[in-house]
Amino acid sequence: MSTTTDEIIKEKSWTEMPDERGHFANFGGAFVAETLMAPIAELVKAYEHYKNDPDFIAEFDHDLAHYVGRPSPLYFAEAWTKRLGGAQIYLKREDLNHTGAHKVNNTVGQALLAKKMGKTRVIAETGAGQHGVATATVAARLGMDCVVYMGEEDIRRQTSNVYRMRLLGAEVVPVYSGSKTLKDALNEALRDWVTNVDDTFYIIGTVAGPHPYPMLVRDFQSIIGREAREQILEQAGRLPDQLIACVGGGSNAIGLFYPFLNDAEVKLTGVEGAGEGIETGKHAAPLCAGQSGVLHGNRTYLMEDKDGQIIETHCISAGLDYPGVGPEHAWLKDVGRAEYVAINDKEALQGFHDLTRIEGIIPALESSHALAYTSKIAPAMKKDQIIIVNLSGRGDKDIHTVAEIEGIKV
Amino acid sequence: MSRLENTFKALKQNSKKALIPFVTAGDPNPEVTVPLLHSMVKAGANVIELGVPFSDPMAEGPIIQAACERALKHNIGLDDVFAMVKAFRQDDDETPIVLMGYLNPIEVKGYDNFAKLASEAGVDGIITVDMPPDEAEKYNLAFHAFGLDTIYLVAPTSTPDRIEKICRNSRGFVYYVSLKGVTGVAHIDTDSIAEKVSQIRAQTDMPVGVGFGIKDAESALAVAKVADAVIVGSEIVKRVAEFANNPAEMQQSIAELLTSMRNAIDNYK
């Protein structure tokens, strides 16, 4: 394993991972109950076939263009750049996608795969509800049964997304176990999949879970970085100096980073949720302050206690509120190709307001973490330097959260 | 020879089948566990399967999930489980104890350190639900070096080459999970169990245990007719929950269940 990593570092070819069993050096893999080994093998086989199938690729591209609305713009945030007085800031506008976030790139891809595999039922886990909505959306379009698992606590906090999923015809199943949040919803979805492997496709929402999910979700989300790379070359005539994206499970970040991995001069920065502050222990930053462990089918960095129990995370943004992170990020951190930092709730809120007032774009609280970090570092950078920030989602879903925190009745 | 080998050998010589009850360590509180284990042995258990509580038990149904949550209220970790096994061993040096749990607590200890501590405590075997043999090279080396038996699960969805791989990596016995899905739900199908068990026997001479869905003397007997060991989990954990506040009644209720199963599987011809 280590020789592979050494070779990759030497050759500067960072896009070769994972290996055929889904390892990113020490991370990743497929740590699942035996019952799931067969459906996982079936999925690996199907994906290996379809990812090179011209019809599949054409259908996926067609859906991204006509249903999702791609390519999403790369927008030069001139006013915000001026305000910060340093590097030029471009925003990759995933917030303009159908359903309002990057999540749909992946659900379109996985649902298409499900259809090709002859599955008639899709299931998903969701935290804030964005991935659940994106899954219910594609299931409605393909006429598939859809069940979304959501922690009871999250259902209470995200009533409008719950209603949206139900409007789309999905059954939203409350999860009462554990901390009643995203990780427990994922457990419950895995339990469903174990029970209904014959007709069911599990659409995982991020680059976590057992192999091949981290690879497959990355591949579907890489459209973000492929477009951004082309767009910046066209608009600025050169590659950016730095990419910045928020990291919960890490799918929008890996989607932006992956097509730039072999551009050694481009710095990659993932921004985790520091919640109430790393030093308080109440955060969602496993890469910055966690340790290696195994959860939800892969080895990665986790938030855990001394006994290896998974601990509750804290973050203002439900989409970052996850105790693990995609194994490719764990690997990119360990080999030093990407850096990971954390932004606390207060800073993220400031980022939310800044972009709203200065650019007239209401960002998702998740993306606001990336924006807040940008405003920390951009002023000290040179004016000819370029940053691309992934604006992974729009903030309409968050206005009630923000209003509540600020004591405003909407 | 390991305790598991001894136990299965002795049973075989007497033409008997093993009865293996499961409880979660520390459920509903840490004081209950060791006396309960002794009482289960008295009622006819041949091997104890002791659950290590985990915050995210992905393959369990609601009954065992709840058991984990009750135990975790008392912060039961691996060190507490080892202490319970040690305490059990003071009065019983024969009955094998197999730990069943998830990988992350073992990862945190480190494979070698875990294996050393488990073996010192008197643990005999390890079942780790989310550790397939495919990922288990270092894990097997560490555990086998300390004389711990690695027990792997076969599922209804396991293909013949997977069954071969599972048998090759298993020590002690092979565990057939007789249902798709999570623990503690649905009914068993004895014909399909018989078929899968014979596929397993084609690959190994090791004993084959069957678990998932066994809840009374009748289902225990049905399984005993084709397998070497009958594993009972959710039905026992249900009784732990029902008599959470009365350990004496809990022991009695579980002993009655095990005795009825013991009689059924010993008396068939």
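This is a predicted model: local features need pLDDT of at least 70, side-chain atom pairs count only at pLDDT 80 or more; totals for chains, interfaces and linings use all residues.
Residues are numbered from 1 along each chain as its sequence is written, chains are lettered from A and ligands numbered from 1 in the order in which they are written, and side-chain values use heavy atoms, with hydrogens and water left out.

**Interface of chain B with chain A**

- The elements of chain B that give two or more residues to the side touching chain A are α3 (62-72), α5 (103-109), β6 (153-154) and α8 (160-169), where helices (H or I, at least four residues) and strands (E, at least two) are DSSP runs numbered from the N terminus.
- The largest share of that side, 5 residues, comes from α5(B).
- In contact (heavy atoms within 4.5 Å) are 37 residues of chain B and 35 residues of chain A.
- The rule finds 3 salt bridges across the interface, a salt bridge being a side-chain nitrogen of Lys or Arg within 4 Å of a carboxyl oxygen of Asp or Glu.
- E107(B) forms a salt bridge with R299(A), and the closest N and O atoms of this pair are 2.5 Å apart.

**Helix packing in chain A**

- Helix α15 (residues 345-359) and helix α16 (residues 365-377) of chain A pack at an angle of about 90° with their axes 7 Å apart, axes being lines fitted to C-alpha atoms, for helices over the stretch in contact, and angles running from 0 to 180 degrees between N-to-C directions.
- That makes α15(A) roughly perpendicular to α16(A), a word that covers angles of 65 to 115 degrees.
- Among the residues that make this contact are F352(A) and L355(A) of α15(A), and L371(A) and K376(A) of α16(A).

**Backbone features in loops**

- The peptide bond from H211(A) to P212(A) is cis, with omega near 10°, and P212(A) has its place in the loop between β8 (200-202) and α10 (213-221) of chain A.
- In chain B, a cis peptide bond with omega about -5° joins D27(B) and P28(B), and P28(B) lies in the loop between β1 (18-24) and α2 (30-42).
- H296(A), a residue other than glycine, has a positive phi near 50° and lies in the loop between β12 (291-295) and β13 (298-302) of chain A.

How values were computed: Angles under 35 degrees count as roughly parallel, over 145 as roughly antiparallel, 65 to 115 as roughly perpendicular and the rest as oblique.
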